[in-house]
Amino acid sequence: MKELPLVIKETPVAAVEGLAKAYTLRRGVLGLGKELVHALAGVTFQVRRGETLGVVGESGSGKSTLGKVLLRLVEPTFGRVLWSGIDVTRMPERELRKHRRKMQIVFQDPHSSLDPRMTVRDIVGEGLVLFGLAEKSALEDRVVEMLRRVGLDGSMMDRYPHEFSGGQRQRIAIARALAVEPDFVVCDEPVSALDVSVQSQIVNLLEEIQEDSNVAYLFVSHDLRLVEVTAHRTAVMYLGRIVELGPTDRVAERRLHPYTRALFASSPPHPADKQRTKRALPLAGEPPSATRPPRGCPFHPRCPEAEKGTCDADVPTLEPSPDDSSHRVACFFAF
């Protein structure tokens, strides 16, 4: 498990408060019918400098949407987004552009996230030019330095993305994101499209860069075991809500929410599981539709511990564990 950085009273590098996102879905032959897709509902958390917050959950839980809304690549419906204490929720694009240098993203698939018509020199150097950080010979030196930093040779600058392997392309994507010296990077499933051996290389690279630059990460993944060894804290998401949040080792060991236990039960066995006290619960059925979320706790239709009249009536809020305020869970019967 990764140890949490030293707690210093400073402004979080990224934060969201009561964040919600709903999409309008058109139905019918003429597209006249409309339905709302509730992708996020009341999400609140903070990430401080040098920290990795892992975000896990099934497909459709809102993980990727969360990262995109936090960076304002997708506009939030309700709630606030703060970058280093600055509220950017409704900030005009012209003004927002001044702050974008500090917030970057590494996408899941480097094949589609890199422009095939641009050389590596242009891909990595684009942000440096856009933000006025380097030009001419200084620009080339910075690109060479960034490529070296991610384990690539400067002689590769004039090649195109298709001339590289998947792992090398992801290294280029990381170099592009980090070239402008951001404070915060959303890593949206950054290794899921790569071979297992390459996954390890990329994760180690991200950790080395974090140690050198103190950058913060939002690490989105469906791989619980990967998040266990990568993240300082972990947020478990279900149907657009965070249902458990806390230090990664405590979330993995205690598994206070039934959904968290079900996720671990569906993962490959781990030797340490024998030492963990919470029993694994089977996860039955499919997640409810985001267009018609169930009343009450969103997990109650699939929860083996749900109680009628409570779980199907009210939505539980994230509450701290009685013996550990840093570990929070949204369940009526967690304690």
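Trainee: Which residues of H1 are the buried ones?

Mentor: They are Lys63, Thr65, Leu66, Gly67, Val69 and Leu70. Bear in mind throughout that this is a predicted model.

Trainee: What makes helix H1 mostly covered?

Mentor: H1 runs over residues 63–70, and six of its eight residues are buried. A residue counts as buried when its relative accessible area is under 20%. After the helix comes Arg72, whose phi is positive, near 60°.

Trainee: Why is Ser84 called partly exposed?

Mentor: Its relative accessibility is 36%. Buried means under 20% and exposed means over 50%, with partly exposed in between. Ser84 therefore counts as partly exposed. The residue sits in the loop between strand S4 (78–83) and strand S5 (86–87), and it has a positive phi of about 50° although it is not a glycine.

Trainee: Where is Asn214, and what is its phi?

Mentor: Asn214 is in the loop between H7 and S8. Its phi is positive, about 65°, although Asn214 is not a glycine. With a relative accessible area of 36%, Asn214 is partly exposed.

Trainee: Why does Ser213 count as partly exposed?

Mentor: Ser213 has 34% relative accessibility, so it falls in the partly exposed class. This residue belongs to helix H7 (residues 196–213). Between Ser213 and Glu181 there are 8.2 Å in space, C-alpha to C-alpha, and 32 residues in sequence.

Trainee: Now the sheet. What is the order of its strands?

Mentor: The order is S6-S7-S8-S3-S9-S10-S12-S11, in an open sheet of eight strands with mixed pairing. On average, neighbouring strands are turned by 25° against each other, direction ignored.

Trainee: What makes S6 and S11 edge strands?

Mentor: Each of them has a single partner strand, so one side of S6 and one side of strand S11 (319–321) is left without a neighbour in the sheet.

Trainee: How do you know that S6 and S7 pair?

Mentor: Two strands pair if there are at least two bridges between them. S6 and S7 have four bridges, in the parallel sense, so the pair meets the cut-off of at least two.

Trainee: Which way do the residues of S7 point?

Mentor: Phe184, Val186 and Asp188 point one way, and Val185 and Cys187 the other way. In a regular strand the side chains alternate between the two faces of the sheet. Every one of these S7 residues is buried, and S7 (residues 184–188) is described as mostly covered, with five of its five residues buried.

Trainee: How many disulfides does the structure have?

Mentor: A search of the whole structure finds zero. Cys297 is in none, as the nearest cysteine sulfur, that of Cys311, is 6.1 Å away. For Cys331 the nearest cysteine sulfur belongs to Cys303, 6.3 Å away, and Cys331 is in no disulfide.

Trainee: Why is Cys297 called buried?

Mentor: Its relative accessible area is 9%, and the limit for buried is under 20%. Cys331, at 18%, is therefore buried too.

Trainee: How many cavities are there, and which residues are closest to the centre of the largest?

Mentor: The count is four cavities of 30 Å³ or more. The largest cavity has a volume of about 90 Å³. It is lined by 13 residues, and those closest to its centre are Pro258, Cys297, Cys303, Cys311 and Cys331. By class, this lining has 10 nonpolar, two polar and one charged residues.

Trainee: What lines the second largest pocket?

Mentor: That pocket holds about 430 Å³ of space. It has 16 lining residues, and Arg100, Met103, Gln104, Ile105 and Phe131 are the closest to its centre. Strand S6 (103–106), helix H4 (120–130) and helix H6 (166–178) each supply at least two residues of the lining. The lining divides into nine nonpolar, two polar and five charged residues.

Note on methods: Residues are numbered from 1 along each chain as its sequence is written. This is a predicted model: local features need pLDDT of at least 70, side-chain atom pairs count only at pLDDT 80 or more; totals for chains, interfaces and linings use all residues. Side-chain values use heavy atoms; hydrogens and water are left out. On a 1 Å grid over the protein atoms alone, a cavity is a set of points where a 1.4 Å probe fits but cannot get out, and a pocket is an open set with protein on both sides within 12 Å along at least five of seven lines; lining residues have an atom within 4 Å of a point. Grid points are joined across faces, edges and corners, and a volume is the space filled by probe spheres set on the points. Ala, Val, Leu, Ile, Met, Phe, Trp, Tyr, Cys and Pro count as nonpolar, Asp, Glu, Lys and Arg as charged, and the others, Gly among them, as polar. A disulfide is a pair of cysteine sulfur atoms within 2.5 Å. Buried means under 20% relative accessible area, exposed over 50%, partly exposed in between (1.4 Å probe, protein chains only). Axes are lines fitted to C-alpha atoms, for helices over the stretch in contact, and angles run from 0 to 180 degrees between N-to-C directions.
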